[in-house]
Structures are given as structure tokens and as C-alpha cells.
Amino acid sequence: MNQEEIKQEIKRLARERNALILAHNYQRDEVQEIADTTGDSLGLSMEAARTDREVIVFCGVHFMAESAAILAPDKIVLLPRADAGCPMADMVTAEGLKDLKAKHPEAVVVTYVNSSAAVKAESDICCTSSNAVNVARSIDADELLLVPDRNLGRYIAKHIDKKCHFWEGYCPTHDRLKVEEVKRALEENPDAVFMAHPECTPEILALAHHICSTSGMYEYARTNPAKNFIVGTEMGILYRLRKENPDKEFILPSVSLICPNMKLTSLEDILHSLQNMSPEITVEPDIRARAKQALDRMLAVPRD
Ligand code: 13P
Ligand code: SF4
């Protein structure tokens, strides 16, 4: 089968199975093209919860499919590549979080959705990059435990007046962006604006004109009158930025802004997944119930 035939077969099978194909903004171009919806972590979770389709094909990484399974327990959630994980999510375990909670018994646990269901189950409330500050502000407590991203955690802490403790995890893709690389891009493009994802280091965020989630970047690029944008996040975002803004230029400051896990899923994987209805992602009922509470509390808070 050639690529065009694979796409047609995916569409036919998706109809037959009553499946919704969701793709994160970092997925390969051709995967984003075939998806019913593309979006950021929060947007896709909400889409999964709202759809009346019976099957969700989640083109992303494991924690995202798990969130969909938590929010939509009556649906079959497929992750076309079972090996697509998130190194940052793997940096914290439920046991590790329990130990940290024991050291800070008064602190409310705010956990980034980039985490396992078991870790969410140990948390009071979740957040994503598009609502993190609002979530933190909504909490009626003086002390927070921000898990697992040290960069997002410090970004949140700068915007609130609460005592914060951090889990020292990080996203290897965002964390390796260097100050020199951004400065060079800014020097080479003096009229460009720099938008950065809060998973970048505080030194990078200090250089940013705008800090936001992946979906926030589409909005910013569309509404900001600048012609040139330096993009501080994973390169998959360029597909839609360029498509939606053909008269604007988007510059990646570093070739290292690529997440290998996000790039695993191919059209062939999606096709096989729909053919075999696997790999299916499920969450054990007790963990699901507790993780859902943390996600539901987050969903009640508006985006930043
Ligand atoms: P958002 O899509 O929520 O901005 O998250 C970025 C990310 O790194 C997901 O893995
Ligand atoms: Fe995880 Fe970073 Fe990849 Fe997102 S971009 S899946 S946070 S490693």
C-alpha cells in the first residue's frame, strides 16, 4: 500500500470502528494531517471526555492515552505505539511522591498531566501548561508540591504567592535548549518574537516575549502582528503554525528540539492499531477513580 492508500484505509476503518483519531501537536506532519483533531494535552483530554465515538485512537504518548482512558472509561482507547512514553513522566513514581508528601504533609500536590495514572492518583489536582498558573491560584492553601517538572514548577512559583516545593524532573527535549542558541536566533532575527513553552529552563523563559502551551502558540502566532517567530518548543508544532500562517516565518532555534517518543507513531502504526484494535490502554479501577478526581478538579479551572 502506498501512503495515500494507507490514509484512505485509516479513514475507512475509523468510520467502521466509530473511532476518533486524536493527535498531539508534536506528532509527525502526516499523522496530524490524518487526525480528526489536533491539540495540546488539555484540549485532547477534553475532546476524549466529550466525544460520543466508541474508540479513541490517541496519537501521542502513554500518559495522554491514560488520561483519555481515565476520563472516558466506557471507550476503547488505543495508543498505536505502546512504546511511546514520556521520559519526564517516568521521572516520578507513586512511591517517590508518597515519600515527598510525607516530608511536606501540609502541601497540596499539583501534578502536571505529564505523569502516570498512579502518580495522578496520589495528587490533589492536575494541571497542564495551559492552565498551570490558574490551577495553582485556585488552591486554598499556602504550600504546594509541584510535580514532576522543575521548570514548569518554577514558572508557576514565579506567578503565585505560596511556598512551593519541586520535584526535580524535566523534559529532556525542552531542557536541552541552550541560551546561546536562542540568543543567536534573536540576533539573526532582530525583529522576531520568541515564544517558549514553560517546560524550557528559567534562563530560556527569561528571554521569551511570550510563554504558553502548544495551543497557546497557535493563538499567539495568529494574533500577534510580528512576521517572524522563534519557536521554543518541539518541532512538530511547525506543521500547523506554517499551514495557518503562510505569510509568517517560524524559526526553530535548535535542531535538538525533537522528542523521539512523539515521532514514533507512523501512519502504518495507526492502521495496524485500527485493524487489530490494540494496543489498548486501560487503568485499574481504584487508580482510575483517584486519578479522575485530580483531573476533574483541574478541568473545573479555566485556562490561563
Ligand atoms: P502541551 O501540549 O500541553 O503544551 O504539552 C507539551 C508536552 O510536552 C506534551 O508532552
Ligand atoms: Fe515528554 Fe517532553 Fe516528549 Fe512531551 S516533549 S512527551 S514532555 S519528553
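Modeller: Helices (H or I, at least four residues) and strands (E, at least two) are DSSP runs, numbered from the N terminus. This is a predicted model, where local features need pLDDT of at least 70, side-chain atom pairs count only at pLDDT 80 or more, and totals for chains, interfaces and linings use all residues. Residues are numbered from 1 along each chain as its sequence is written, chains are lettered from A and ligands numbered from 1 in the order written, and side-chain values use heavy atoms, without hydrogens or water.

Biologist: At what angle do α1 and α14 pack?

Modeller: Two packed helices are described by the angle between their axes and the distance between the axes. Here α1 (residues 3-17) meets α14 (residues 267-276) at about 30°, with axes 9 Å apart. The axes are lines fitted to C-alpha atoms over the stretch in contact, and angles run from 0 to 180 degrees between N-to-C directions. The two helices are therefore roughly parallel (under 35 degrees).

Biologist: Is phi of Asn18 positive or negative?

Modeller: Positive, near 55°. Asn18 sits in the loop between α1 and β1 (19-24).

Biologist: Which residues are around ligand 2?

Modeller: Among them are Tyr26, Asn114, Glu199 and Cys259, each with a heavy atom within 4 Å. The shell has eight nonpolar, one polar and one charged residues.

Notes
Nonpolar A, V, L, I, M, F, W, Y, C, P; charged D, E, K, R; others polar. Parallel < 35°, antiparallel > 145°, perpendicular 65-115°, else oblique.
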